[in-house]
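Visitor: Hi, I have a structure open here and would like to talk it through. Could you take my questions as they come?
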Amino acid sequence: MSPRSASVNEELRRRSKERLLQAAVELVGEHGYEATTLGAIADRAGSARGLVSYYFPGKRQLVQSAVHRLMHRTLEEALEREPGTADGAERMARAIDAILGLARDRPVLMRQHMAGLLQAEVGFVPCPEQRRLAELLRDTVARHGSRDVDRDYPTLRALLMGAVFAALVPGVPMPVPVLRAELFKRYRLEWEMGVPPDAEASDGTTCDTDLSRFFATSGPDDQAQSK
């Protein structure tokens with residue numbers, strides 16, 4: 001058996017990391033953060049326990065990266081869905097609906113994510129997944145007509161984080177349509193833009209449970225492992 005090429009090894013490492021990210025999102029969404037162990041994540045991903053520590057400093061960093069992946073791919077999907085549009089107002093509406101939709105449809109996961117961001121020992125951890133999310137939001141702000149993206153992007157990020165937090169506060173959650181209305185008013189958006197709330201789906205029962213499309217765990221080199 002000839003040694004695998006560097007490109008094949010790199011592809012295998014990429015897919016291992018993707019499987020860990022997907023497993024983290026699934027398990028935290030199913031059981032919560034505290035009940036999800038690194039061992040369980042590794043088992044779900046079909047990876048060795050040591051690979052988790054190789055790619056991520058700890059569980060909180062892994063989960064944060066995994067949620068940022070889910071967020072940026074959800075946002076990307078919303079922005080580019082058909083019919084495609086370059087209209088800045090419509091894209092802003094889609095962005096708001098995508099993030100609020102995560103709070104509505106995946107409350108356990110997003111609540112744990114927000115709690116992690118507020119922990120002083122970890123806090124906000126920049127990672128490739130977070131940077132891609134930032135790029136998409138910055139582009140949305142620019143297309144919406146901002147004359148100072150460096151000022152307006154952090155404002156949008158803060159407003160979205162605040163809305164997610166408000167939607168998830170145990171005991172006193174604010175309804176997503178109310179939060180949507182405030183954000184739409186702030187950005188002068190028509191209610192019919194984006195994806196207006198569907199009362200029948202407001203409890204998240206129609207949430208798509210298959211997240212595999214957000215995590216590229218296979219590729220053209222699949223057969224290389226058997227050579």
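Visitor: Which residues does Leu-189 touch, not counting those up to four places away in sequence?
Guide: In this predicted model, Leu-189 touches Ala-89, Met-92, Ala-93, Ile-96, His-144 and Phe-184.

Visitor: And what about the largest nonpolar core, which members touch the most others there?
Guide: Leu-189 is one of them, together with Ile-41, Leu-62, Leu-75 and Ile-96. That core has 61 residues.

Visitor: Which helix gives the most to this core?
Guide: That would be helix 5, residues 88-105, with 10 residues in the core.

Visitor: Let's step back a bit. How many helices and strands are there in the protein chain?
Guide: The protein chain has nine helices and zero strands. Read from the N terminus, the order of elements is α-α-α-α-α-α-α-α-α.

Visitor: What share of the residues counts as buried?
Guide: Of the chain's 227 residues, 45% count as buried. The accessible surface comes to about 12,000 Å², and carbon and sulfur atoms hold 53% of that.

Visitor: Among contacts between residues at least 6 apart in sequence, what percentage joins residues at least 24 apart?
Guide: The figure is 70% for the protein chain.

Visitor: Now to Thr-140. Where does this residue sit?
Guide: Thr-140 is in helix 7, which covers residues 128-143.

Visitor: Is Thr-140 buried or exposed?
Guide: Buried, because its relative accessibility is 0%, and the cut-off for buried is under 20%.

Visitor: What is Thr-140 in contact with, leaving aside neighbours within four places in sequence?
Guide: Thr-140 is in contact with Leu-79, Arg-91, Met-92 and Ala-95. Met-92 also turns up among the residues that Leu-189 touches.

Visitor: Which backbone oxygen does the side chain of Thr-140 reach?
Guide: The one of Leu-136, at 2.9 Å.

Visitor: How far is the C-alpha atom of Thr-140 from that of Ala-89?
Guide: The two C-alpha atoms are separated by 8.9 Å, and the residues lie 51 apart along the chain.

Visitor: Changing topic to charges. How many salt bridges does the count come to?
Guide: The count comes to 16 salt bridges. One of them pairs the side chains of Glu-26 and Arg-44, at 3.0 Å from N to O. This pair links distant parts of the chain, with Glu-26 in helix 1 (residues 6-31) and Arg-44 in helix 2 (residues 38-45), 18 residues apart.

Visitor: How exposed is Arg-44?
Guide: Arg-44 is partly exposed, at a relative accessible area of 38%.

Visitor: Which residue forms a salt bridge with Glu-77?
Guide: Arg-213 does, and the closest N and O atoms are 2.8 Å apart. Glu-77 lies in helix 4 and Arg-213 in the segment after helix 9 (176-186), so this pair ties together parts that are 136 residues apart in sequence. Glu-77 is partly exposed, with a relative accessible area of 38%, and Arg-213 also counts as partly exposed, at 38%.

Visitor: Why are Glu-76 and Arg-73 separated by about one helical turn?
Guide: Because the two are three residues apart in helix 4, residues 59-80. Both side chains belong to partly exposed residues, with relative accessible areas of 24% for Glu-76 and 25% for Arg-73.

Visitor: Last topic, confidence. What is the average pLDDT of the protein chain?
Guide: The average is 86, and 86% of the residues score at least 70.

How values were computed:
Residues are numbered from 1 along each chain as its sequence is written. This is a predicted model: local features need pLDDT of at least 70, side-chain atom pairs count only at pLDDT 80 or more; totals for chains, interfaces and linings use all residues. Side-chain values use heavy atoms; hydrogens and water are left out. Helices (H or I, at least four residues) and strands (E, at least two) are DSSP runs, numbered from the N terminus. Buried means under 20% relative accessible area, exposed over 50%, partly exposed in between (1.4 Å probe, protein chains only). Contact means heavy atoms within 4.5 Å. A polar contact is a pair of N or O atoms within 3.5 Å; within protein, one must be able to donate a hydrogen and the other to accept it, and residues adjacent in sequence count only if both atoms are side-chain atoms. A salt bridge is a side-chain nitrogen of Lys or Arg within 4 Å of a carboxyl oxygen of Asp or Glu. A nonpolar core is a set of buried Ala, Val, Leu, Ile, Met, Phe, Trp, Tyr and Cys residues joined through side-chain atoms within 4.5 Å. Accessible areas come from the Shrake-Rupley method with a 1.4 Å probe; for residues, only the protein chains shown count as cover. pLDDT is the predictor's confidence in each residue, from 0 to 100.
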